[in-house]
Amino acid sequence: MTYKAELSSLPAQTKLMPFGYNLQLNAEGKLKHFLTIEGLDRNLLTEILDTAESFAGVSEHQVKKVPLLRGKTIVNLFFENSTRTRTTFELAATRLSADVINMNIATSATSKGESLLDTIRNLESMFVDMFVVRHALSGAAHFIAQQTAPHISVINAGDGQHAHPTQAMLDMFTIRQIKKDFSNLRVAIIGDILHSRVARSEIQALNTLGAAEVRVIAPKTLLPAHVESLGVSVSHNLSEGLKDIDVVMMLRLQKERMSSALLPSESEYFKCFGLTEEKLKVAKPDAIVMHPGPINRGVEIDSKVADGPQSVILRQVSNGIAVRMAIMAMAMQTLPSAPGKSASTPSTANTGTM
Amino acid sequence: MNQIRIDHGRIIDPANKIDRIGCVYISGGKIISVTDEPAGFKADTVIDAGGQIVCPGFIDLSTRLRDMGHSRKATFKSEVIAAAAAGVTTLCLQPDTVPVIDTPAVVELIKELAEKAGYPRIYTVGALTQKLEGTELSAMLSLKQAGCIAVGNANQPVRNLLILRRAMEYAASHDLLMMFRPNDFWLGNNGCAHEGAVATRYGLPSIPEAAETIALAQCLELAELTGCRVHFGQLSCKRSVIKIHQAKKYGLKVSADVAVHQLHLTENDMTPFDSAYHVLPPLRTEDDKQYLRQGLAGSTINSICSDHQPHDLDAKLGAFPETEPGISSLETLLPLMLKLVAQHAITLEQGIACLSANPARVLRLNSGALTPGFSADVCIFDPKRDWQINSENWKSQGINTPFWGQTLTGRVTHTLQEGMVIHRL
């Protein structure tokens, strides 16, 4: 049959092979791709945080570079618009001395898999080493990781409503900087959980790192079915839901949620779920306020809170660089020795040579 | 005149309540006896069916053969070979072909393609509405006269209930069966997975059971209002089984089938983002699966269909939500039915009835049984033979099956259609 002949002539990796989360780890159990928090254990997440800590100083040096990825080519493959995520990935790659190519491929959600695959094949033939992928559809990063040449690493910079694991890790990094330990923390995630890849990754990361409680607060229209199965408790009331909370994570509310009948109006949403100084008082006095950005002031968060003393929103952004440096360096296996244990190894060892 | 004798097989013919070792005598394309050798019978061909099961050829209520506008996915030529290898001797082509089966000319074209492929028993399901758009009635009487065995709207929901009502009234006026896959457009919300824990975890757009059960409930009401005969296709959830059960008890003349993979796979079996599991209706929960099985055992659901939907490789290569739904499933029909028997969900006799006598009754066909005088459509299979789903054994052009690489038990060794051997292992 010609079709089967065609099948056998396809490149070896173009097969309908089962996907799996071990896809992320190589034979030695080291990070190969970074697609989702799911399937990664506490040690590995801690290793990412420790490595990031060692990179945190790099941005403050006069020469903001370490040569870990010198000679490597990283392609930022953005099928969906983004400013801050792409910029921090670009900065992270540059600080690791990699060559970076930015590709913004505007596509509609209905574009065919062929073109996605063709794009990958074309870039592969240009000898790239890593793809940083953002795509509007859940599973896109997995698909690319499964199809791409074996030497290429794939970092998920957000796929549909599925995962945004680097955002989750930079938030974990920020939380650990301030709160030191996860085991006593109660974290509330507020807003559009249903459509949020950030929320899904945050929940998995917090549960893996042993947070005492993850609570989601939203109206039913913005919660996915069986949300408790993600390992969270649920509240539909912000004022009550913030009780005893150490970390308040706000999510961005997209305008289109109003037109698809998920919410009546921005003002009603703000009244019920917008974070104000008044409502924040219900949380613990030393609670921190986070937001993955971009912020809708007056929709999900009041400016007084966003710019207030409890807000760590800008710190999240700057931490994004160190965390993404850590993940890229780990996925490319270019760190000198297993860090994790001694957090200072990479930065001192490598910045010193610059 | 070609005379065939099938020897020593275990004959299972649920319609005639036969289950015994014996011989089947075929002459002139018809069954002439399953008991004694008819006087003057001289076999030109003898098939030894020792250790095997001889049963009526299977009738598949929902099949796609692609071809015409979709020949890169599959062709009649490739798929009738798969059908024959699956023991299927009659199949119902759903109307969502390209072009849609909404004019007699398309019906004629399909008949020609079927003849050319050497597999005449392809029945067409005519479109219920023009181009399946759900806005204007199709010329159902002309379609019936051209040979359509039923009408339906395939996977396309009829969004406007007034139009569905009119279509059912019109179909009832011409005594046409409507095949209906209940599926509310709005509640379905362009989803690609069951609205449950798995879709929640992987952030997949999801479809609640209510998208099926609400459309089912509305159609049941309209069946009573219009008197239209309705067959519900590819049910996927517990509450649908309950609704059909209640409707039957109440006295409505309705029937239902289930796609064979729904009886084995659940959302938990989905390897994350593996497009081989992308199917509509979506794979649901263990509870739904058990209810569907009980529905079969208790005859609430009386038929098992393949819901065969072969695809080319490109259709399945992409991020999960953008891949095309559907499983290439003709060739796994028998082994998956036998697995239900092995797991004591149904009896072997029930399983065979669900693939032959019962769908024949739904379609009001004089087939699906080994009754003397009926067309000699016969399937002979070895219930114990293991075989691997691989490119060597697989006939369909679509390799989109989640069972790829697995070893299943039960294989068709011979298929006879109108007394002609169309498949021999």
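Helices (H or I, at least four residues) and strands (E, at least two) are taken here as DSSP runs, numbered from the N terminus, and the expected span of a helix is 1.5 Å times one less than its number of residues. This is a predicted model, in which local features need pLDDT of at least 70 and side-chain atom pairs count only at pLDDT 80 or more, while totals for chains, interfaces and linings use all residues. Residues are numbered from 1 along each chain as its sequence is written, with chains lettered from A and ligands numbered from 1 in the order in which they are written.

Select chain A to begin: its secondary structure comes to 14 helices and 9 strands, and 48% of its 354 residues count as buried (20 or more other C-beta atoms, placed from the backbone, within 10 Å of the residue's own; exposed means 12 or fewer, partly exposed in between).

Next, select residues 42-55 of chain A, which are helix 2, with 14 residues and a reach of 20 Å from first C-alpha to last, close to the 20 Å expected. Because 10 of these 14 residues are buried, helix 2 of chain A is largely enclosed by the rest of the structure; among the buried ones are Leu45(A), Ile48(A) and Phe55(A).

Now move to chain B, where 8 strands form an open sheet in the order 6-7-8-9-10-13-14-15, with parallel pairing (two strands pair if DSSP finds at least two bridges between them). Its edges are strand 6 (58-63) and strand 15 (303-305) of chain B, each pairing on one side only. Within this chain, select strand 13 (residues 230-232) and strand 14 (residues 254-259), which pair in the parallel sense over 3 bridges; His231(B) stands opposite Ser255(B) of strand 14.
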